[in-house]
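Hi,

Here is the structure I promised to send over. Have a look at it first, then read my notes below.

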Amino acid sequence: HQVTLSAESGQRLGAIVERIPASARGQLIRLASFWGTNSLDKYTADIVASLLSEVRNKQATFEQRIAAARQLVELRPTDNDVVRNLLGEFTPQASPELVGGFTGVIAGNLTSGGEQRLIDRITGVTPAARQVAVQCLLQRTETTRAFLDGVAAGQFHFSELTLDQTQALATHPNHAVRKQAKALLDSKGGLTTPDRERVLQQLLPLAKRTGRATLGKEVFKKQ
């Protein structure tokens with residue numbers, strides 16, 4: 001049932017929030033909002049600023065920065081500025097771990113049009129970071145569709161995926177995703193045949209051919 005706090009209880013929460021670490025304040029404010037009190041709203045701006053500072057802190061570990069990003073999104077789930085600030089950290093200098101963590105946080109809290117902004121930022125990071133980010137995108141239906149739109153637009157390529165990821169797209173449980181993926185795979189030739197034995201048998205005769213050592217030696221001398 002709905003919990004209702006008295007004004008006195010709200011004041012006590014205010015005293016508590018001033019004593020606890022900044023990393024825990026966001027959780028207490030969210031809890032207070034569930035209880036139907038706005039007595040802690042005045043602390044929100046300071047907490048958001050503190051968490052943003054942690055997100056941008058290059059001296060902090062990537063785990064600490066990702067945790068701060070997650071708290072930010074939980075505290076301000078409908079704030080587009082929060083997502084914009086997180087996307088601003090997608091730079092060529094960002095580590096794969098950081099980009100992957102931020103991608104996972106943002107992907108779970110996208111508003112209309114947010115998918116394309118996320119895709120645009122991922123294309124600007126290093127190949128290693130892109131690989132981790134794409135793996136995060138493929139874990140959700142909405143962002144999987146955004147990835148496929150990126151493939152269609154030339155922002156991504158199926159060559160960036162593993163064989164398992166490619167085949168997972170072709171057999172995706174969502175009909176719309178599966179249809180889009182198959183159409184793109186057919187047009188771009190991204191689907192590797194699963195019949196590896198047949199391919200092996202086709203190439204096996206090449207392994208039985210013998211070479212001519214004298215010709216090989218002449219080629220080596222020319223190089």
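Which helix does Thr144 lie in? Thr144 is part of helix H9, residues 141-152. Helices here are DSSP runs of H or I with at least four residues, strands are E runs of at least two, and both are numbered from the N terminus.

Before going on, a word on how to read this: it is a predicted model, where local features need pLDDT of at least 70 and side-chain atom pairs count only at pLDDT 80 or more, while totals for chains, interfaces and linings use all residues. Residues are numbered from 1 along each chain as its sequence is written, and side-chain values use heavy atoms, with hydrogens and water left out.

Back to Thr144. Because its relative accessible area is 0%, Thr144 is buried. (Buried means under 20% relative accessible area, exposed over 50%, and partly exposed in between, using a 1.4 Å probe and protein chains only.) Leaving out residues up to four places away in sequence, Thr144 touches Leu137, Leu138, Gln139, Leu169, His172 and Val177. Touching, or contact, means heavy atoms within 4.5 Å.

Now the overall picture. The protein chain has 13 helices and zero strands. Of its 223 residues, 35% are buried.

What about the core? The largest nonpolar core has 44 residues, and those touching the most other members include Phe147, Phe156 and Leu169. Helix H4 (residues 62-75) gives the largest share of this core, six residues. (A nonpolar core is a set of buried Ala, Val, Leu, Ile, Met, Phe, Trp, Tyr and Cys residues joined through side-chain atoms within 4.5 Å.) Beyond its neighbours within four places in sequence, Phe147 is in contact with Ile119, Val134, Leu137, Leu138, Phe156, Leu161 and Leu169.

Lys58 counts as exposed because its relative accessibility is 58%. Not counting residues up to four places away in sequence, Lys58 touches Arg65 and Glu89. Its C-alpha atom is 9.6 Å from that of Ala94, 36 residues apart along the chain.

Cheers
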